Amino acid sequence: KDACGPLCGENDIPHPEKVFQGQKCIEWGFMSAYLSKDYGATKDITYGMFGVDACITFWPKIAYGCECPSAESPATGCGTLCQDGSTVPNPDKLVGGKTCGDLEMASLFATDSNQCTAYQNIGIQCGCSKTGGLGPVYDEECFDYDQLLNITLLYTPPDNMFMYRISFGEDGRFYQEVGYYGQVFLIGYHQEVDAKHNTTSYGGGSMCGMFGPRTGVVTIVEDVSFSEPTITSVH
């Protein structure tokens, strides 16, 4: 009763030797059907190998990736990384410690609408077309702060499992995503722009141990080697 049951329900796994997210589908099938609640039904985040209620939140993604006949992505998901619905061009490319193929799977099953813009921007890093209203085309010779409005910038430090997302303006947010399963921490909400020092500040984010809510500051620097707003480092 603690396991999640056969991966493909009443059907056989169509491609048992297919490798999906590091495991053969036949091995995923064994875990789904026979292993303890720590792999499936537990509601204790401390012991859940794949998160809380993995039978609902994790295993349907595996069934979909293993091409089970009855598996479907949710209609309320963010959809493919490429906004035109095409398959991600570079599925093996690593972005934030995850392959673009795995990120596309996460996007298909992400039902929080606040995540969808971030996944669309990840799509650009994975080779999708930049068209689709993600932001303006930057053809001005001089930088204008308004160019940062209504876009989301992404940054993955070299050889790092973190990924950062920054947006600006009244509804701006500064996020840190960490870990293979995409835990997201809010560094802060956009506070103000300091034109004198070319900085914009963020505050009131997620709690950080004894130090209270997280905060962050973004320094804006003009660099002629970039043709559009770009995050170059996070400290």
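1. C126 has a relative accessible area of 0% and is therefore buried (buried means under 20% relative accessible area, exposed over 50%, partly exposed in between, with a 1.4 Å probe and protein chains only). C100 is likewise buried, at 0%. These two cysteines form a disulfide with their sulfur atoms 2.0 Å apart (a disulfide is a pair of cysteine sulfur atoms within 2.5 Å). C100 lies in helix 4 and C126 in the loop between helix 5 and strand 5, so the pair ties together parts that are 26 residues apart in sequence.

2. The model is a predicted one, in which local features need pLDDT of at least 70 and side-chain atom pairs count only at pLDDT 80 or more, while totals for chains, interfaces and linings use all residues. Residues are numbered from 1 along each chain as its sequence is written, and side-chain values use heavy atoms, leaving out hydrogens and water.

3. The protein has five helices and 10 strands (DSSP runs numbered from the N terminus: helices are H or I of at least four residues, strands E of at least two). Of its 235 residues, 36% count as buried.

4. The structure holds six disulfides. With the bonded cysteines numbered in sequence order, the pairing is 1-4, 2-6, 3-5, 7-10, 8-12, 9-11.

5. One of the disulfides joins C78 to C116, at an S to S distance of 2.1 Å. This pair links distant parts of the chain, 38 residues apart: C78 is in the loop between helix 3 (59–65) and strand 3, and C116 is in helix 5. Both cysteines are buried. The torsion about their S-S bond is about -80 degrees, so the disulfide is left-handed.

6. Another disulfide is formed by C4 and C55, with sulfur atoms 2.0 Å apart. C4 lies in the segment before strand 1 (19–20) and C55 in helix 2 (residues 54–57), so the pair ties together parts that are 51 residues apart in sequence. C4 counts as partly exposed at 25% relative accessibility, as does C55 at 29%.

7. Helix 5 (residues 116–125) has as its buried residues C116, A118, Y119, N121, I122 and G123. They pack against strand 3 (94–95), helix 4 (100–109), strand 5 (152–155) and strand 6. G127, which follows helix 5, has a positive phi, near 105 degrees.

8. R165 is placed in strand 6 (residues 163–167) and counts as buried at 5% relative accessibility. Neighbours within four places in sequence aside, its contacts include Q115, A118, L153 and E177 (contact means heavy atoms within 4.5 Å).
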